[in-house]
Amino acid sequence: MDTKDKALVQHLKQFASLKDDDIAKSLPFWRARKIKKGDFFNMQSMVCSDLGLVVKGIFRIYYRDDETQEEKNLFFFSENQFVVSFRSFITRNPCWYFIEALEDSEIISISYDNLNALYEAHPAWSKFGRLLAEQFFSYAQTRTEQFVFFSHEERYIKLLEEHPNIITRIPAYHISSFLGITNPSLSRIRKRIGK
């Protein structure tokens with residue numbers, strides 16, 4: 001078993017408690033991909049056809065504001081997270097945003113068709129699909145709740161909890177955009193937390 005398969009097997013066991021036999025049936029469908037910094041996992045207005053597991057690297061989901069042409073970050077995915085435009089993936093409708101690698105990255109991905117074939121043929125994979133849907137629903141609801149109930153500083157702390165070394169990996173303006181604040185405001189928050 002190569003390194004790609006080992007990383008995938010470990011994650012699938014932890015994520016959905018899949019058995020060795022269920023995982024073995026899926027291995028031919030997964031493929032390793034390298035995505036260079038600045039390249040895209042998925043583009044706006046295209047259907048997202050793959051589900052990826054981030055092995056190495058960090059991705060951002062963003063859109064470009066039509067009026068200001070400003071890029072606004074919505075979410076980050078890093079190691080041991082699935083990366084996908086979930087709505088586009090399950091509905092087969094075009095994605096509303098971009099998914100871009102912020103570092104040279106490595107993923108292991110499976111196509112929509114192959115994942116659905118696993119759902120149909122193996123009951124344990126249906127559980128994987130349910131857990132995946134629950135996770136992405138949780139991401140979306142948590143993001144909404146953070147903007148309603150959390151201060152900028154609390155949102156920053158939550159980001160650091162989810163992606164502990166993100167501030168050393170990507171430019172501060174990406175974090176500011178994600179938090180919905182300016183760079184000077186982010187600097188003040190970082191100073192306060194540092195104390």
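Predicted model: local features only at pLDDT ≥ 70, side-chain atom pairs only at ≥ 80, totals over all residues.
Local features need pLDDT of at least 70 and side-chain atom pairs pLDDT 80 or more, while totals for chains, interfaces and linings use all residues. Residues are numbered from 1 along each chain as its sequence is written, and side-chain values use heavy atoms, leaving out hydrogens and water.

**Exercise 1.** Find how many aromatic pairs the whole structure holds, and work out why the pair of Phe 41 and Phe 59 is classed as it is.

*Solution.* Start with the rule: rings of Phe, Tyr and Trp (its six-membered ring) pair if their centres lie within 6.5 Å, and planes under 30 degrees apart are stacked, over 60 edge-to-face, the rest tilted. The search gives 15 aromatic pairs. Next, take Phe 41 and Phe 59: their ring centres are 6.4 Å apart and their planes stand at 75°, so this pair is edge-to-face. Finally, check burial: both Phe 41 and Phe 59 are buried (under 20% relative accessible area, 1.4 Å probe, protein chains only).

**Exercise 2.** Find which ring Arg 87 lies over, and which ring Arg 92 sits over.

*Solution.* The test asks for NZ of Lys or CZ of Arg within 6 Å of the ring centre and within 35 degrees of the ring normal. Arg 87 lies over the face of Trp 96, 4.1 Å from the ring centre. For Arg 92, the charged end is over the ring of Tyr 112, at 4.0 Å from its centre.

**Exercise 3.** List the residues that ring pairs link into a cluster.

*Solution.* Follow the ring pairs: they join Phe 75, Phe 77, Phe 86, Phe 136 and Tyr 139.

Definitions and conventions:
Buried < 20%, exposed > 50% of the residue type's maximum accessible area, 1.4 Å probe, protein only.
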